[in-house]
Amino acid sequence: MSYPPPGPGQPDPGFHDPYPPPPMPVGPGHAAGPPQDKTNGLAIAAFVTGLLGCCGIVGAVLGAVALRQIGDRGGKGRGLAIAGIVLSALWIVGGVAGYLVIRGSDSASSAGTPKPKTTRPQKIDAYTMKVGDCINDPISSGAPAGESGPPVEVESVKKVPCAGPHDGEVLAVFKLTQTVMPDERQMSDLASAGCKLRIQRRLDRDPAAAHLTRSFYYPTAASWRDGDRAVTCLAVNAADGKKLTRRIRG
């Protein structure tokens, strides 16, 4: 059998072209890379850092960088990056607030607690002593009641806290009414009697009454001429050389 000759445009089935045709040209475009479906590593790091809260602003920085990379290159993890930023911000705000609260409480505590004050002895004139003063005066101008020692002139004494050791506590002050200064013996008797009348009952009511006695100061000739008429009555320790350590409770 014979076959009809190939028509126009039909290749001869028995013909083989030694030169194959060139490939068809591809239109302009970009090569497509593999799909970006992986989670961004910085986004994961931002979230973990934000959870820990120990790296301060690092989580926020990592989250911002992760968001930028996801926007440029695609990928997953946008939510993790945002969460890392938010968590880091919360840790920072909480830390600042906690610091301010602690500092404020310390300031309030410091302001509410009085600082201890050191009270130094205050030197005062003997005739200016008043009821309630506690004084130190190793050389007294009046001997304790019942003793007959020569009086000693005292110009000043030291005012000290009554909660500490002291020689005496002023319990009464009264003025003599004589127009002419009594002699030394009369002055001592008037002072002793006047102080006994005014403070002995109070001494007897004190829990340590057996260890207490009276003493007094009275005007000297010089102070009498200047108008001094005051007699100062004190509670003192009955034992020679011993001090009082508290106020009289009678």
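Which aspartate meets the side chain of lysine 159 in a salt bridge? Keep that one in mind for the third view; the model shown throughout is a predicted one.

View 1. Reading from the N terminus, the elements go α-α-α-β-β-β-β-α-β-α-β. The protein chain has 250 residues, and 26% of them count as buried. If you take the contacts between residues at least 6 apart in sequence, 72% of them join residues at least 24 apart. The chain exposes about 17,500 Å², with 60% of that coming from carbon and sulfur atoms.

**View 2. The largest nonpolar core, with 18 residues.** Leu203, Val231, Cys233 and Ile248 are the members that touch the most others. Strand 4 (168-175), helix 4 (184-205), strand 5 (212-217) and strand 6 (230-237) each put in at least two residues. Helix 4 is the top contributor, giving 5 residues to this core. Zoom in on valine 231 and, once its neighbours within four places in sequence are set aside, you'll find it in contact with Ala172, Val173, Phe174, Leu176, Ala191, Cys195, Phe216, Tyr217, Tyr218 and Pro219. There's also a second, separate core of 10 residues, with Ile124, Ile135, Tyr217 and Val236 among them.

**View 3. Two lysines and aspartate 133.** Here's the partner from the opening: the side chain of lysine 159 meets aspartate 133 in a salt bridge, at 3.4 Å from N to O. Lysine 159 sits in strand 3 (residues 156-160), while aspartate 133 is in the loop between strand 1 (122-125) and strand 2 (134-136), so this pair links distant parts of the chain, 26 residues apart. Lysine 130 also forms a salt bridge with aspartate 133, at 3.7 Å from N to O. Is aspartate 133 buried or exposed? Its relative accessibility is 4%, so it counts as buried. The lysines are another story: lysine 130 is partly exposed at 48%, and lysine 159 is partly exposed at 26%. Shared partners tie Lys130, Asp133 and Lys159 into one salt-bridge network.

**View 4. Arginine 246 and aspartate 206, a salt bridge at 2.8 Å from N to O.** The structure holds 6 salt bridges, and this is one that links distant parts of the chain. Arginine 246 lies in the segment after strand 6, and aspartate 206 lies in the loop between helix 4 and strand 5, 40 residues apart. With a relative accessible area of 24%, arginine 246 is partly exposed. Aspartate 206, at 4% relative accessibility, counts as buried.

View 5. Which residues of helix 2 are buried? They are Gly59, Ala60, Gly63, Ala66 and Ile70. These residues lie on the same side of helix 2 because they cover an arc of only 125° around the axis. As background, an α-helix has 3.6 residues a turn, so residues three or four places apart point the same way. Over on the other side of helix 2, Arg68, Asp72 and Arg73 are exposed. Glycine 74 follows the helix, and its phi is positive, near 80°.

Note on methods: Residues numbered from 1 in each chain as written. Predicted model: local features only at pLDDT ≥ 70, side-chain atom pairs only at ≥ 80, totals over all residues. Heavy atoms only, no water. Core = buried A, V, L, I, M, F, W, Y, C linked by side-chain atoms within 4.5 Å. Buried < 20%, exposed > 50% of the residue type's maximum accessible area, 1.4 Å probe, protein only. Helix = DSSP H or I, 4+ residues; strand = E, 2+ residues; numbered from the N terminus. Contact = heavy atoms within 4.5 Å. Salt bridge = Lys/Arg side-chain N within 4 Å of Asp/Glu carboxyl O. Arc of directions from axis to C-beta. Areas by Shrake-Rupley, 256 points an atom, 1.4 Å probe, with all protein chains shown as cover.
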